[in-house]
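Look at the structure first, then read on.

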Amino acid sequence: MKLTTMAWRNLWRRKRRTAITAFSIAFGVLLAVTFTGSGDYVYTNMINTGAQMGLGHISVEPNGYNQTPGLDKRIHQTTALRQQLIMMPGVSDAIVRIMGQAMFASARKSVGGAFIAVDPAQESSVNNLFIRSIIAGSRFTDSNGQGIVIGSRMAQKLGVTIGKKLVYTTTDVNGEIVSEIARVSAIFQTGVTEVDGAMALLPLDRVRGTLRYQADDATLVAITIKDHRATDAMTAGIAAQVALPEREVLSWRQTQPDLAGLIAMDRSSNYVTQTLIGLLIAAGILNTLLMSVLERTREFGVMMAIGMSPHTLFRLVITESLWLAIIGLVFGIVITAPWYHYLNTIGIDFSGAMGDDYSAGGVLIDPVMKVYLYRESVIAILAGVFGLTLVAGIYPAWRAGRIPPVASLKTL
Amino acid sequence: MRFLTHSWITLAIVLCASSATYAGTDARTRDLLRQIDDLWRGDSSHGIMRMEVKTAHYARQMTMEAWSKGTEQTLVRILSPVKEKGTATLKSGTNIYSYLPKTDRTIRLTSGMMGGSWMGSHFTNDDLVRESRREDEYDAAISFEGRRGEQDVIEFTLVPKSDAAVVWGKVVLTIRSTDHIPLSEIYYDEDMALARSFSFSAVKNMANGPRPTVMQVTPADHSEEYTRVIYEQLELNVPINDELFSLTRLKQR
């Protein structure tokens, strides 16, 4: 009789025990998919949303800007740079922006905040979170006009509505304080309190004039890429092509360290949780297999007495755990598939539990928990569960091979 | 035009050197507004004043000494209360520096901090620097002339030009007809609703001429609140060394 067939049959000698063990493996798969999947989904969302809040996944910016931002720092020939970047494989968009601090004042009040000067032709609701979040009015279309798009809380603080004027004050390229008038063309609401209260979009060419920039100057070119997992490779690739001594290429991990830290922390706590669950499941499998070996001491003794080598016995028990792993995984896939489908398409709505501020690390997050698994995560989960089951089988299998034939026949 | 600048420090210590040109404003209005400018004109100044601030949350009083030279250089140092003594603000060109003796730190205010309140008053840091950039921002016209209440007044209405970086809808300035002493300056928002008002009172002879010595600002949305500046001493055209307006001198108490 073949070893695989024998192991399969051995497993079903105790149907209920095998089924329960297989279920615990399947449950492990389910938990791993839920945890890893929600992580993959949330991190992807946060990274992509963060990229749409100004800096992109990768940014080409003046040297030192990241450490000490200021409107005196700028890069030149941005139009040509943008053209070059857009042509690169894997780049979905490259956008020229000026980012800085400003004070916004109305007749009622003034608030400190930040602005992003944007070229209306380059920005859309796809690559700009603020444009996507507009709740009133419509965004400006003239890059040299007097339009401004402000957050809902800022509008409320300043007491302005669509069409009203406000004055923004900032420092120009020489560090001189400059003021300019603008009229509210639209109001956005992202749900992130500090963003809604302090962020504004201004027309790029107008701001260039105010800041005394040359026509092609800007703070940075923000690059969004098709798959954020390629960030590091693409940052290096872009740096190799466009690097100049006066500018640097940085990834979102460097420009948004809060977000990167948050994700890294969340991810490691996720790993710890999953490892603990994995260990618990492995202990269960180990227990099952060890029991099944110990209760068959006499049987193994007989087998060895009629000429089966300890090595073959070891392989037999390992094959049993292999079968158990396969049954568990198949079972796991069967119960996880509909669950995954549900979470992937509908998700669980946590908006009631989260209150009004859907943000983490200054980045908007979706109050509906959804999951999405990367292919490498699927492989990692399957390999992890499979490997864990096999590892759990090693000790019982070793025990089986060590059974002394004569002594074991005397027992029981 | 000094008066419309609402830069109270410069207003208070009277360092008017520039006179705005009102394009599109008739000759008489221009002359009158310039006369008011002249009332406050001086190449340099040195004064001591008291500031009283009352808000819904607190009331405070402080005295301060101020020096100015031209429109670009101003230094204000707090004399009392003791807790704040030595705190200084230096305006040099369009930059404002703030010095806190407690921490021995000088900071340059960034554009984002311009909206913050100056020493807890109803003036913002921006109010301190704006005035030197006020030229050519308004069209002025006389909107009323005659008896109002007890006295003859002239009322000017100043409307900001459409592209001027001015938040107001209009500014109404009232002066006494007899000696052209300013009485009030009222700011309206774009919907012509009252935004804030300045009133001037207690005309006394100070620095060789009659001047209002008390200025009070009241924000329209909190009418029980105010900031009042009372001039106790004022000298005009006194020799002041440029060195006074330096960062090193800012730290000296």
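## Salt bridges across the interface

Three salt bridges cross the interface of chain B and chain A in this predicted model. A salt bridge here is a side-chain nitrogen of Lys or Arg within 4 Å of a carboxyl oxygen of Asp or Glu. Glu190(B) and Arg183(A) form a salt bridge through their side chains, at 2.5 Å, N to O.

Helix 3 (125–130) and strand 11 (194–205) of chain B each give at least two residues to the side that touches chain A. Helices (H or I, at least four residues) and strands (E, at least two) are DSSP runs, numbered from the N terminus.

## How the two chains meet

In chain B, 28 residues are in contact with 24 residues of chain A. Contact means heavy atoms within 4.5 Å. The area buried between the two chains is about 2100 Å². Carbon and sulfur atoms give 49% of that area. Buried area is the accessible area (1.4 Å probe) that two parts lose on being put together, summed over both.

Which three residues supply more than any other three of the area that chain B buries against chain A? They are Ser111(B), Val167(B) and Glu190(B), with 29%. Seven residue pairs are in polar contact between chain B and chain A, both at pLDDT 80 or more. A polar contact is a pair of N or O atoms within 3.5 Å; within protein, one must be able to donate a hydrogen and the other to accept it, and residues adjacent in sequence count only if both atoms are side-chain atoms.

## Chain B on its own

Chain B has four helices and 13 strands. Of its 253 residues, 58% are buried. Buried means under 20% relative accessible area, exposed over 50%, and partly exposed in between (1.4 Å probe, protein chains only). Among contacts in chain B with a separation of 6 or more, 49% join residues 24 or more positions apart.

## A nonpolar patch on chain A

Phe23(A), Phe27(A), Ile326(A), Val330(A), Phe331(A) and Val334(A) make a nonpolar surface patch of about 510 Å². Helix 12 of chain A gives the most, with four residues. Val330(A) lies in helix 12. Val330(A) is partly exposed, at 48% relative accessible area.

## Notes on the model

Residues are numbered from 1 along each chain as written, and chains are lettered from A and ligands numbered from 1 in written order. Local features need pLDDT of at least 70, side-chain atom pairs count only at pLDDT 80 or more, and totals for chains, interfaces and linings use all residues, while side-chain values use heavy atoms, leaving out hydrogens and water.

Technical notes: Patch = residues over 30% accessible without salt bridge, like charges linked within 9 Å, V, L, I, M, F, W, Y side chains within 5 Å. Areas by Shrake-Rupley, 256 points an atom, 1.4 Å probe, with all protein chains shown as cover.
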